[in-house]
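User: I'd like to go through how some labels for this model were reached. Could you set each value against its definition?

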Amino acid sequence: MAGSEGQAAEREVPRWDPLVRLTHWGIAAAVLLNGLITEEGGQVHVWIGYAAFAMLALRLVWGAIGTGPARFSAFPPSLSAARAHVADILSSRRRTHRSHNPLGALMAYALWGTLAVVTVTGIAMAGSPLAPRAGDDVRHERVAVAGDHGEEDDEHEGAEDEAGETLEEVHEAAANLLLLLAALHVGGVALESRVSGRNLVRPMVKGS
Amino acid sequence: MPWRLPYRWSTALGGRRATALALILALQAMAAVFFVGDVVADVTFEGVDLHLVLEAVVAFALILGVVFGAFEMRRTLERAERSDTALSAARGAMTDLIETRFAEWGLTPAENEVALLALKGFDVAAIAGLRGAASGTVRAQLARVYAKSGVASRAELLSIFMDDLIAAPVTKTPADAGPAQHHPRGR
């Protein structure tokens, strides 16, 4: 029957529940806004960063106790599976995956790991979301203090300042990596959709 | 004239309830993170006082709310998924049942198709239109279907399957049940 064939075709791509979709697009928007638009270290930047961290935390909770394709167990990180998937693509074999395909799974973990580094370092620098500039000011004060006393005068201050700078460097490097990974992710989805002839974007928008 | 069910079963993933739950969970998660961030910063800068303890309790409650909300959401989604699965299992079982009966009655391919359309609720004129055949032809084919199955009308034809389904719960192999224990058809 035509109806059941249509349904079988639908099941060829993963079905994403509302929570997966919400956190996905929420994080995508946050990464784009904070990576390209908002003022670095500004109040908006900090609030968006906190929101992104919340989305990530929620998605990770959902990966542990969520349903079906959203769970980590549905897409374990596996290099050998990823290699097999690349071979599938090269030989244009179509295989259905009920969750992320093995290559996409690696990308998901890479994105989450990088986002975790970006948000945690950002939060460590910004301090409380209700007084987001406080951390900044304190840091500038410390820089001034360290400048006054000279680095060898106060080793403790110097060490804290260095820690702050390291945080900032890690934050920026990870943020750039995150943008690069996001671009690769978009490219990968486009390529996979084209090669397999299955629209992978639609389920992330509409669910199935 | 295409014929459709008047409504579609709501699917697990498009459900409004699940979407609303997801939104609430996201808001709760954000609130929890902001609160925890504030509490941690306050502890670092100001030390512990009653105000802070209360804030910590609120933050903890929010986190609990997120986790329990997530469990609730999973239950909602799984329930909806189950009803979808049950429906498609029933659909598959019904198809098996129909195919088995049609084979038993020795319907020709044309009769098979006409009988299926009749079961789905198309009338003679609609079936004729769909098959590009004359109404007389379809009426004659239907008459042969009724004769082979031992019924007098479309309603009775349908009742054979309804009886099979209602007398015994739908299982994966409903066709295994012998015809003897079924509806007393006028043969």
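User: What makes residues of chain A and chain B count as in contact, and how many do so?
Analyst: Two residues are in contact if their C-beta atoms, placed from the backbone, lie within 7 Å. By that test, 25 residues of chain A are in contact with 24 residues of chain B. This is a predicted model, in which local features need pLDDT of at least 70 and side-chain atom pairs count only at pLDDT 80 or more, while totals for chains, interfaces and linings use all residues. Residues are numbered from 1 along each chain as its sequence is written, and chains are lettered from A, with ligands numbered from 1, in the order in which they are written.

User: Which element gives the largest share of the side of chain A that touches chain B?
Analyst: That is α3(A), with 10 residues. Helices here are DSSP runs (H or I, at least four residues), numbered from the N terminus.

User: Why is α3(A) called oblique to α5(A)?
Analyst: Happy to show you! The axes, lines fitted to C-alpha atoms over the stretch in contact, with angles running from 0 to 180 degrees between N-to-C directions, cross at roughly 135 degrees and come within 9 Å. Angles under 35 degrees count as roughly parallel, over 145 as roughly antiparallel, 65 to 115 as roughly perpendicular and the rest as oblique. Therefore α3(A) is oblique to α5(A).

User: Which residues of α3(A) and α5(A) meet?
Analyst: Among them are A:V46, A:Y50 and A:F53 in α3(A), and A:W112, A:L115 and A:I123 in α5(A).

User: What is the mean pLDDT of chain A?
Analyst: The mean is 80 on a confidence scale from 0 to 100, and 79% of the residues of chain A reach 70 or more. Over residues 1–10 of chain A, however, the pLDDT is below 50.

How values were computed: Helices (H or I, at least four residues) and strands (E, at least two) are DSSP runs, numbered from the N terminus. pLDDT is the predictor's confidence in each residue, from 0 to 100.
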